[in-house]
Amino acid sequence: MTTIAFIGLGHMGRPMAANLATAGFAVRGFDLVPELCDAARAAGVEIAPSAADAVTDADIVITMLPAGKHVLAAYEGGDSPGLLGAARPGTLFLDCSTIAVDEARSAAALAVAAGHRALDAPVSGGVVGAENGTLAFMVGGEAADFAAAKPALEAMGGRIVHCGSAGLGQAAKVCNNMILGVTQIAVAEAFVLGERLGLSHQALFDVASNASGQCWALTTNCPVPGPVPTSPANNDYEPGFAGALMAKDLGLAEQMIALTGVDAQLGLLAQSRYAEFASGPGAHQDFSGIINTIRDANVDA
Ligand code: NAD
């Protein structure tokens with residue numbers, strides 16, 4: 001039986017680890033927060049006394065941590081032993097956190113230098129996707145390691161794409177979310193402009209959803225209540241995908257734009273608009289709530 005260590009049992013990690021346990025993997029989890037360990041235990045995950053203990057006998061080590069600095073610190077260790085030093089040689093390290101492409105490449109290089117194998121495998125689909133086992137995985141690393149990880153990924157997700165070498169899973173995630181941030185703002189601006197011109201929300205939706213303006217930000221995450229009854233706009237912008245997470249992901253896009261020197265002005269504009277949105281109550285609202293900021297800014301125009 002494949003033994004999986006699962007480090008980071010937060011909003012995403014707990015249901016992902018629980019799905020692995022349900023699928024029959026031996027799962028040993030750990031989180032720095034004892035209450036989260038208790039919740040994971042109640043969901044069928046065995047809890048180890050420390051992260052190092054969790055990885056000692058593991059075939060696969062999955063990390064689901066807040067940001068790149070947490071992943072690198074957990075891999076390398078500091079005051080406590082690092083995961084790379086505690087694991088058996090040849091262990092497959094699978095980082096599912098959303099981190100920068102260069103950080104993912106550093107993490108993979110550290111793992112390989114320590115005698116292990118490594119994949120970056122960020123996800124989309126949010127907490128609902130994690131709970132339902134329908135996450136989309138974007139994976140970077142060697143083809144043989146991807147094949148070895150696939151049964152575990154299939155226990156947690158639906159669509160699983162091998163994007164290329166180390167870091168390219170994170171590259172796919174950052175590019176996709178840059179499209180999403182830009183299009184959500186574009187759809188919101190179009191609704192506010194339509195309102196000013198006397199166009200009803202439903203009429204604009206009926207036209208654009210069947211025309212070249214069609215996109216996920218319109219047809220699934222419609223930022224006004226009514227046309228798509230399941231969109232967060234109908235539920236006071238309850239996330240969904242929180243503004244803080246969009247701001248984080250566009251911050252990573254900004255870093256990658258600076259690193260590569262690509263002229264991506266709409267991506268940078270979306271980054272600054274979402275950073276502002278997430279500095280207030282927008283942090284905890286669905287990111288489609290940015291339509292209210294756009295409407296408010298146009299109130300006296
Ligand atoms: P979270 O803050 O709920 O969970 C992260 C957990 O890691 C926390 O419980 C924290 O205590 C734990 N942790 C930190 N350092 C640790 C260490 N050294 N050892 C053990 N545990 C440690 O965050 P989340 O919402 O579960 O997101 C996790 C990752 O997934 C992030 O990178 C996020 O960007 C990404 N993501 C989140 C969503 C979402 O909808 N929440 C969607 C897609 C991707």
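Me: Is Ile-185 buried or exposed?
Reply: Ile-185 is buried, at a relative accessible area of 10%. Buried means under 20% relative accessible area, exposed over 50%, and partly exposed in between, with a 1.4 Å probe and protein chains only.

Me: What kind of model is this, and how are residues numbered?
Reply: This is a predicted model, in which local features need pLDDT of at least 70, side-chain atom pairs count only at pLDDT 80 or more, and totals for chains, interfaces and linings use all residues. Residues are numbered from 1 along each chain as its sequence is written, and side-chain values use heavy atoms, with hydrogens and water left out.

Me: Back to Ile-185: where is its place, and what does it touch?
Reply: Ile-185 has its place in helix α9. Not counting residues up to four places away in sequence, Ile-185 touches Ala-270, Arg-273, Tyr-274, Ile-290 and Ile-294; contact means heavy atoms within 4.5 Å. The C-alpha atoms of Ile-185 and Leu-269 are separated by 9.9 Å, and these two residues are 84 residues apart along the chain.

Me: Which residues of the largest nonpolar core touch the most other members?
Reply: Phe-191, Leu-218, Tyr-274 and Ile-291 do, in a core of 35 residues. The elements that give two or more residues to this core are α9 (168–197), α10 (201–208), α11 (216–219), α12 (243–260), α13 (265–277) and α14 (290–297). Its largest share, 8 residues, comes from α9. A nonpolar core is a set of buried Ala, Val, Leu, Ile, Met, Phe, Trp, Tyr and Cys residues joined through side-chain atoms within 4.5 Å.

Me: And what does Leu-218 touch?
Reply: Not counting residues up to four places away in sequence, Leu-218 touches Val-187, Phe-191, Phe-205, Ala-208, Ser-209, Gly-213 and Val-228.

Me: Which residues does the second core include?
Reply: The second, separate core has 33 residues and includes Phe-6, Leu-9, Ile-60 and Cys-96.

Me: Next, Met-16. Where is it, and what is it in contact with?
Reply: Met-16 has its place in helix α1 (residues 13–22) and is buried, with a relative accessible area of 0%. Leaving aside neighbours within four places in sequence, Met-16 is in contact with Phe-6, Met-64, Cys-96, Val-123, Ala-130, Leu-135, Phe-137 and Met-156. Met-16 and Asn-176, 160 residues apart in sequence, are 22 Å apart in space, C-alpha to C-alpha.

Me: Is Asp-145 buried or exposed?
Reply: Asp-145 is buried, at a relative accessible area of 8%. Its place is in helix α8 (residues 143–156). Leaving aside neighbours within four places in sequence, Asp-145 is in contact with Leu-92, Arg-117, Ala-118 and Leu-119.

Me: Turning to backbone geometry, which residues does a cis peptide bond join?
Reply: A cis peptide bond joins Pro-239 and Gly-240, with omega about 15°. Gly-240 lies in the loop between α11 and α12.

Me: What are the phi values of Asp-236 and Tyr-237?
Reply: Phi of Asp-236 is near 55°, and Tyr-237 has a positive phi of about 60° although it is not a glycine. Asp-236 lies in the loop between α11 and α12, and the place of Tyr-237 is in the loop between α11 and α12. At 68% relative accessibility, Asp-236 counts as exposed, whereas Tyr-237 counts as buried at 9%.

Me: Why remark on such values?
Reply: Most residues other than glycine have a negative phi, and most peptide bonds are trans.

Me: Finally, the whole chain: how many helices and strands are there?
Reply: The chain has 14 helices and 9 strands. These are DSSP runs, numbered from the N terminus: helices are H or I of at least four residues, and strands are E of at least two.

Me: What is the radius of gyration?
Reply: The chain has 21 Å, which agrees with the value near 19 Å that a compact globule of 301 residues would have. The radius is taken over C-alpha atoms, and the globule rule is 2.2 Å times the number of residues to the power 0.38. The C-alpha atoms fill a box of roughly 65 × 45 × 35 Å, taken along the principal axes.

Me: What percentage of the residues count as buried?
Reply: Of the 301 residues, 49% count as buried.
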